[in-house]
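These exercises use one protein model. Work through each task before reading its solution.

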Amino acid sequence: MQYMMLPLNEHFDLGFGAVADSFMDAANALKEDGATPFLNAHLPVSFLYRHAIELFLKSAITIFHRKLNLPYGELPGSDEPQVPVHGKWKPMYTVHAVKPLHAYMRELFVHHADYLNAHTNTDWSFPNELAIGIDNIDATDSSSTFFRYPVTKHGNKDKDKSAIQRNDNADILSTITDRPLPLKMFMVTDSNNQILSAYTFENAQSQAMIETLSQVAELLSNCHAALVGELTDGR
């Protein structure tokens, strides 16, 4: 692949795919380290994967438009990349939601299936897990802020992003024997050793999201490699 040896500004997709590769590689490195000595380590890993996914989608859209000289609405395909969102073309650099990016990428594959069948040797079908994963990611982080900031416009979700969760002491004790793994717990007491509040380390949900992000990123990375190889001569 020539693009690996070229500066980003000379890439056919303007560098979106290569930068996506670097974010995914960084996420994989952190993920493979396993347990980390710091709290909320799932947040940077999740963000790295999520950003890679966004960039892979933008790469695919850019490749289609440049290869087939497709206009961005009234703008030529050589102009600044655009994405249709709710029927209106918007500069790609202002669109961070993965759902409209994914929807438009899939639309391009469908509309230009005849060209792909005639000029490439790749099976361009996508597994159902991709659309399901995109929906789950968008439901959690539609604006690329959830994994980066403690407080976002999605205030009802923000409390769920922490690995430490406040829990009722009675509920914790009543379910402790049912837990398959040891419980990590922190309690605050008063001077009489009466429990004022209790907190537990809960990471099952965050780990499930990392797996979803990782799988989607891997699928789109493979798609990017195929697009670059088939449509850009490795550039």
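**Exercise 1.** Find how the side chains of Arg 50 and Glu 54 meet, and explain their spacing along the helix.

Solution. The model is predicted, so every distance here is computed from it. Step 1: the side chains of Arg 50 and Glu 54 form a salt bridge, with 2.9 Å from N to O. Step 2: a salt bridge needs the nitrogen within 4 Å of the carboxyl oxygen, so this pair qualifies. Step 3: Arg 50 and Glu 54 are 4 residues apart in helix α2, and are therefore separated by about one helical turn. Step 4: an α-helix has 3.6 residues a turn, so residues three or four places apart point the same way.

**Exercise 2.** List what Glu 54 touches, leaving out residues up to four places away in sequence.

Solution. Step 1: Glu 54 is found in helix α2. Step 2: with residues up to four places away left out, Glu 54 touches Val 95, His 96, Val 98, Leu 101 and Ser 144. Step 3: take Val 98 from this list. The C-alpha atoms of Val 98 and Asp 135 are 8.5 Å apart in space, while the two residues are 37 residues apart in sequence. Step 4: Asp 135 lies in helix α5 and, at 37% relative accessibility, counts as partly exposed.

**Exercise 3.** Find which helices are linked by the salt bridge between Lys 31 and Glu 211.

Solution. Step 1: the side chains of Lys 31 and Glu 211 meet in a salt bridge of 3.4 Å, N to O. Step 2: Lys 31 is in helix α1 and Glu 211 is in helix α8, 180 residues apart, so the pair links distant parts of the chain. Step 3: Lys 31 is partly exposed at 31% relative accessibility, and Glu 211 is partly exposed at 35%. Step 4: for the model as a whole, the count comes to 7 salt bridges.

**Exercise 4.** Check the span of α1 against its number of residues, then find what covers its buried residues.

Solution. Step 1: α1 has 17 residues, and at 1.5 Å a residue it should span 24 Å. Step 2: the end C-alpha atoms of α1 are 24 Å apart, which agrees. Step 3: the buried residues of α1 include Phe 16, Ala 20 and Met 24. Step 4: α2 and α8 are among what covers the buried residues of α1.

**Exercise 5.** Describe the surface patch that includes Met 5.

Solution. Step 1: Met 5 is in the segment before α1. Step 2: exposed means over 50% relative accessible area. Met 5 has 74%, so Met 5 is exposed. Step 3: Met 1, Met 4 and Met 5 form a nonpolar surface patch, with about 390 Å² of accessible area together.

How values were computed:
Residues are numbered from 1 along each chain as its sequence is written. This is a predicted model: local features need pLDDT of at least 70, side-chain atom pairs count only at pLDDT 80 or more; totals for chains, interfaces and linings use all residues. Side-chain values use heavy atoms; hydrogens and water are left out. Patches are made of residues with over 30% relative accessible area and no salt bridge: like charges are joined within 9 Å, nonpolar side chains (Val, Leu, Ile, Met, Phe, Trp, Tyr) within 5 Å. Accessible areas come from the Shrake-Rupley method with a 1.4 Å probe; for residues, only the protein chains shown count as cover. Helices (H or I, at least four residues) and strands (E, at least two) are DSSP runs, numbered from the N terminus. Buried means under 20% relative accessible area, exposed over 50%, partly exposed in between (1.4 Å probe, protein chains only). The expected span of a helix is 1.5 Å times one less than its number of residues. Contact means heavy atoms within 4.5 Å.
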